[in-house]
Amino acid sequence: MSSVLVISGSPSRTSKTERIGEHVAQRLATSGRTADHLRVRTLPADALLGADTRAPAIADAIGRVAEADGIVLATPTYKAAYSGLLKAFLDLLPQFGFAGKAVLPLATGGTISHVLAIDYALRPVVHSLGARHAVQSFFLLDKHISVVDGQLSVHPDSAEPLADVIEQFSKALDGVPHSTVLGRTA
Ligand SMILES: Cc1cc2nc3c(=O)[nH]c(=O)nc-3n(C[C@H](O)[C@H](O)[C@H](O)COP(=O)(O)O)c2cc1C
């Protein structure tokens with residue numbers, strides 16, 4: 001049975017990105033996998049910013065990354081890139097900390113003007129960490145995400161494509177070749 005770790009990188013306590021990360025974890029957990037969620041904002045700030053990888057909470061978080069077969073990186077778009085909070089954590093991982101893993105990059109943002117930030121800013125980091133397979137990235141507009149009475153709601157324009165990328169990631173986790181994932185013949 002494979003395991004997935006969602007890493008969400010918003011500093012906000014009411015983070016929409018975090019809620020999307022929870023949603024993705026729940027969807028992946030239903031198909032016989034374990035899915036865990038690491039909220040970087042909950043790590044001790046001193047240890048995180050001081051790169052103290054021996055601090056128990058940081059060492060535990062790094063260990064959770066090492067044990068996962070798949071990683072979902074969920075970040076808000078900040079200043080046309082991904083969040084500094086997520087970067088602070090990724091910088092603590094070993095050089096090839098994503099080796100052998102499938103990765104799904106997800107971003108939320110306020111404007112589609114920055115939809116490519118996930119590919120020009122985050123994807124190179126994923127590759128530099130040695131990911132086995134980074135599937136198609138996905139960007140959600142923040143106005144498509146709402147939380148009413150604690151319940152997450154995603155606008156249909158985003159809900160369907162999000163379900164598709166979760167499915168694609170699920171197949172990548174199972175080691176299905178990319179061409180098959182996309183429904184093409186090789
Ligand atoms: C400091 C800051 C910088 C932001 N910069 C951008 C940006 O450059 N491009 C964009 O599309 N949205 C930007 N946004 C909007 C957020 O990406 C968007 O609202 C996101 O969904 C917030 O996610 P969260 O609720 O998980 O924190 C910014 C928001 C903040 C607070």
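This report walks through salt bridges, a cavity, a surface patch, some backbone angles and a hairpin in one structure. The model is predicted, and every value below is computed from it.

**Salt bridges**

Let's start with the charged side chains. Side chains of opposite charge can pair when their charged atoms come close. Searching the whole structure turns up 10 salt bridges. Three of them are set out here.

| Glu 22 | Arg 19 | 3.1 Å |

What about the surroundings of the two ends? Asp 174 counts as exposed because its relative accessibility is 53%, and the cut-off for exposed is over 50%. Arg 33 has a relative accessibility of 8%, so it counts as buried, the limit there being under 20%.

Glu 22 comes out as partly exposed because its relative accessibility is 22%. Arg 19, at 24%, is therefore partly exposed too.

With 48% relative accessibility, Asp 91 counts as partly exposed. Lys 87 has 32%, so it also lands in the partly exposed class. Elsewhere, salt bridges with shared partners connect Glu 18, Arg 19, Glu 22, Arg 39 and Arg 41 into one network.

**The cavity**

How many cavities of 30 Å³ or more does the model hold? The count is one. The volume of the largest cavity is about 40 Å³. Its lining is made up of Thr 75, Pro 76, Thr 77, Ala 81, Tyr 82, Ala 107, Ala 117, Ile 118 and Leu 122. Strand E3 (70-76) and H5 each put at least two residues into that lining. Which element gives the most? That would be H5, with three residues.

Now for the surface. Ile 112, Val 115, Leu 116 and Tyr 120 make up a nonpolar patch there, and together they have about 420 Å² of accessible area. One of these, Leu 116, is placed in the loop between strand E4 (102-109) and helix H5 (117-128). Leu 116 counts as exposed because its relative accessibility is 54%.

Further along, His 127 is part of helix H5. It reaches 45% relative accessibility, so it counts as partly exposed. The C-alpha atom of His 127 is 9.2 Å from that of Ala 99, and the two residues are 28 apart along the chain.

**Positive phi angles**

A couple of backbone angles are worth a look if you like checking torsions. Lys 79 is not a glycine, yet its phi is positive, near 50°. You'll find Lys 79 in the loop between E3 and helix H4 (84-90). It counts as exposed because its relative accessibility is 84%. Ala 80 is in the loop between E3 and H4 as well. Its phi is also positive, about 60°, although it is not a glycine.

**The E7 and E8 hairpin**

Another positive phi turns up in a hairpin. Strand E7 (residues 145-148) and strand E8 (residues 151-154) run antiparallel and are joined by four bridges. Two residues lie between E7 and E8 in this hairpin, and Asp 149 in the turn has a positive phi of about 50°. Which residues face each other across the pair? Val 148 is opposite Gln 151 in E8, and Ser 146 is opposite Ser 153 in E8. In a regular strand, side chains alternate between the two faces of the sheet.

Conventions. Residues are numbered from 1 along each chain as its sequence is written. This is a predicted model: local features need pLDDT of at least 70, side-chain atom pairs count only at pLDDT 80 or more; totals for chains, interfaces and linings use all residues. Side-chain values use heavy atoms; hydrogens and water are left out. Two strands pair if DSSP finds at least two bridges between them. Patches are made of residues with over 30% relative accessible area and no salt bridge: like charges are joined within 9 Å, nonpolar side chains (Val, Leu, Ile, Met, Phe, Trp, Tyr) within 5 Å. Accessible areas come from the Shrake-Rupley method with a 1.4 Å probe; for residues, only the protein chains shown count as cover. A salt bridge is a side-chain nitrogen of Lys or Arg within 4 Å of a carboxyl oxygen of Asp or Glu. Buried means under 20% relative accessible area, exposed over 50%, partly exposed in between (1.4 Å probe, protein chains only). On a 1 Å grid over the protein atoms alone, a cavity is a set of points where a 1.4 Å probe fits but cannot get out, and a pocket is an open set with protein on both sides within 12 Å along at least five of seven lines; lining residues have an atom within 4 Å of a point. Grid points are joined across faces, edges and corners, and a volume is the space filled by probe spheres set on the points.
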